[in-house]
Amino acid sequence: MTEYEIVEDCYTKLLNMDNIKEVHLEIPYMSKVIDMVIIENNNRIITIEFKLQNWRKALNQAKVHKYGADEAYICMPEPKQGFKKEFIKLLKKKGIGLFKYDLNPYEPEYRHLKL
């Protein structure tokens with residue numbers, strides 16, 4: 001599965017959620033591009049950076065997203081050995097959330113890890 005396929009899958013599912021007003025993809029922001037921007041019914045802005053790997057790059061991108069959003073998340077599949085403790089520690093420190101994406105095509109899973 002590619003990163004783009006994960007984005008498309010999440011986009012389709014988010015459009016059907018009651019608390020979401022708008023979902024936008026590939027939004028230019030500070031000379032970069034945010035993978036997904038969600039506007040909830042209460043006008044809260046949420047960004048999601050999608051990655052298959054390279055959590056360090058995702059973390060750096062999500063930190064920038066926080067300047068213009070109420071909440072910033074990273075969405076990626078959990079590695080076979082689990083997420084590194086260093087990664088989880090940095091997410092907590094920076095106030096960035098994590099969505100685990102299950103690569104099993106039959107059972108996509110979106111689980112917010114409370115940090």
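First, the ground rules. The model is predicted, so local features need pLDDT of at least 70, side-chain atom pairs count only at pLDDT 80 or more, and totals for chains, interfaces and linings use all residues. Residues are numbered from 1 along each chain as its sequence is written, and side-chain values use heavy atoms, with hydrogens and water left out.

Let's start with the fold. The chain has three helices and six strands. Read from the N terminus, the order is α-β-β-β-α-β-α-β-β.

Next, the overall numbers. The chain has 115 residues, and 37% of them are buried. Buried means under 20% relative accessible area, exposed means over 50%, and partly exposed lies in between, with a 1.4 Å probe and protein chains only. The chain exposes about 7300 Å², and carbon and sulfur atoms supply 51% of that. These areas come from the Shrake-Rupley method with a 1.4 Å probe; for residues, only the protein chains shown count as cover. Now contacts, meaning heavy atoms within 4.5 Å. Take those with a separation of 6 or more: residues 24 or more positions apart account for 44% of them.

On to salt bridges. Side chains of opposite charge can pair when their charged atoms come close. The criterion here is a side-chain nitrogen of Lys or Arg within 4 Å of a carboxyl oxygen of Asp or Glu. How many does a search of the whole structure find? Five.

Pair one is D9 with K13. Their closest N and O atoms are 2.6 Å apart. Both sit in helix 1, residues 3-15, and because they are four residues apart, about one helical turn separates them. D9 is buried, at 18% relative accessibility. K13 is partly exposed, at 34%.

Pair two is E71 with R44. Here too the closest N and O atoms are 2.6 Å apart. This pair links distant parts of the chain, 27 residues apart: E71 is in strand 4, and R44 is in the loop between strand 2 (32-40) and strand 3 (45-50). E71 is partly exposed at 23%. R44 is partly exposed at 29%.

The closest N and O atoms are 3.8 Å apart. Is K100 buried or exposed? Buried, at 13% relative accessibility. E78 is partly exposed at 37%.

Stay with K100 for a moment. F83 is 17 residues from K100 in sequence, and their C-alpha atoms are 9.8 Å apart. F83 lies in the loop between strand 4 (71-76) and helix 3. F83 is buried, with 15% relative accessible area.

Last, the surface. K63, K89, K93 and K94 gather in a patch of positive charge. A patch takes residues with over 30% relative accessible area and no salt bridge; like charges are joined within 9 Å, and nonpolar side chains (Val, Leu, Ile, Met, Phe, Trp, Tyr) within 5 Å. Lys and Arg count as positive, Asp and Glu as negative; His and the chain ends are not counted. Each charge is placed at NZ of Lys, CZ of Arg, CG of Asp or CD of Glu. Which element gives the largest share? Helix 3, residues 85-94, with three residues. K89 is in helix 3, and K89 is exposed at 61%.

Notes:
Helix = DSSP H or I, 4+ residues; strand = E, 2+ residues; numbered from the N terminus.
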